[in-house]
Amino acid sequence: MHIAILTFEGFNELDSLISLGILNRIKRPGWRVSIACPSARVRSMNGVVIEAQATLEDAGAADAVIVGSGMQTREVARNADLMSKLRLDPSRQLIAAQCSGTLILAKLGLLNGVMACTDLTTRPWVEEAGVRVLEQPFFANGNVATAGGCLAAQYLAAWLIARAEGIEAARSALHYVAPVGEKDVYMARAIANISPYLPDLLHQRDR
């Protein structure tokens with residue numbers, strides 16, 4: 001299972017790195033989470049420089065992809081060369097987007113006729129692209145999920161883990177990162193947000 005987190009210049013650290021941390025709570029052979037970038041290094045919106053672990057082409061072959069957000073997402077969406085490298089396909093991949101990453105999915109045509117979540121700043125751009133934006137932190141339709149708000153990254157990570165490894169695995173990963181003294185409440189809220197968008201067979205398997 002390879003999960004690629006698309007991370008561009010000007011990226012939001014909370015979006016990419018919270019997901020990275022939670023997803024890496026899964027410890028089993030073959031489970032791999034990578035920061036995928038268009039260049040060898042990218043600088044965040046707050047000046048943090050990280051090295052790429054995978055390319056955009058690698059993301060096209062990954063089992064799951066998270067499209068992170070950042071200060072330059074609109075520029076990415078207008079960059080025909082970059083966009084041509086994003087070969088994402090929900091028929092064979094789990095695809096998720098955080099905040100302005102939802103705009104990328106909209107421009108790729110992956111949200112046609114589908115509602116989505118995004119952050120308040122990006123909302124008018126996503127609506128301009130013809131997508132109805134929901135006033136909630138998380139939504140999924142089949143293999144495509146979107147989240148709005150930096151700290152909604154936990155929901156994307158939990159959804160991906162639940163889809164790949166089951167709800168109990170998602171609970172375990174969330175339990176580790178949840179604040180002490182608030183773990184039960186934290187996990188209950190997160191699972192309540194993703195559960196309506198999990199396949200019925202997955203719910204039955206975890207009973």
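**Close-up views of a predicted model**

The structure holds one cavity of 30 Å³ or more. Keep in mind throughout that this is a predicted model.

View 1. The largest cavity has a volume of about 60 Å³. Which residues line the largest cavity? Phe8, Glu9, Gly10 and Phe11 are among them, and so are Gly68, Ser69, Gly70, Met71, Gln72 and Thr73. Val76 and Ile104 also belong to the lining. Sorted by class, this lining has five nonpolar residues, six polar ones and one charged one.

**View 2. The largest pocket.** Here we turn to a pocket, with a volume of about 210 Å³ for the largest one. It is lined by 15 residues, and those closest to its centre are Gly70, Met71, Ser100, Asp119 and Thr122. Which helix gives the most to the lining of the largest pocket? Helix α3, spanning residues 73-78, does, with three residues. The classes in the pocket lining are five nonpolar, seven polar and three charged residues.

**View 3. Helix α7 against helix α8.** Two packed helices are described by the angle between their axes and the distance between the axes. For α7 (residues 153-165) and α8 (residues 167-177), the angle is about 145° and the axes are 7 Å apart. The crossing of α7 past α8 is right-handed. On the α7 side, the contact is made by Gln154, Ala158, Ile161, Ala162 and Glu165. Their partners on α8 are Ile167, Ala169, Ala170, Ala173 and Leu174. Eight residues of this contact are nonpolar, one is polar and one is charged.

**View 4. Helix α1 against helix α7.** Helix α7 also packs with α1 (residues 13-23), at an angle of about 35° and with the axes 8 Å apart. Is the crossing of α1 past α7 right-handed or left-handed? It is right-handed. From α1 come Leu14, Asp15, Ile18, Ser19, Ile22 and Leu23, which meet Ala153, Gln154, Ala157, Leu160 and Ile161 of α7. By class, the contact of α1 with α7 has eight nonpolar residues, two polar and one charged.

View 5. Side chains of opposite charge can pair when their charged atoms come close. The structure holds seven salt bridges, and one of them joins the side chains of Arg41 and Glu51, at 3.4 Å from N to O. This pair links distant parts of the chain: Arg41 sits in strand β3 (residues 41-43) and Glu51 in strand β4 (residues 49-51), ten residues apart.

Terms used:
Residues are numbered from 1 along each chain as its sequence is written. This is a predicted model: local features need pLDDT of at least 70, side-chain atom pairs count only at pLDDT 80 or more; totals for chains, interfaces and linings use all residues. Side-chain values use heavy atoms; hydrogens and water are left out. On a 1 Å grid over the protein atoms alone, a cavity is a set of points where a 1.4 Å probe fits but cannot get out, and a pocket is an open set with protein on both sides within 12 Å along at least five of seven lines; lining residues have an atom within 4 Å of a point. Grid points are joined across faces, edges and corners, and a volume is the space filled by probe spheres set on the points. Ala, Val, Leu, Ile, Met, Phe, Trp, Tyr, Cys and Pro count as nonpolar, Asp, Glu, Lys and Arg as charged, and the others, Gly among them, as polar. Helices (H or I, at least four residues) and strands (E, at least two) are DSSP runs, numbered from the N terminus. Axes are lines fitted to C-alpha atoms, for helices over the stretch in contact, and angles run from 0 to 180 degrees between N-to-C directions. A crossing is left-handed if the near helix is turned anticlockwise from the far one by less than a right angle, and right-handed if clockwise. Contact means heavy atoms within 4.5 Å. A salt bridge is a side-chain nitrogen of Lys or Arg within 4 Å of a carboxyl oxygen of Asp or Glu.
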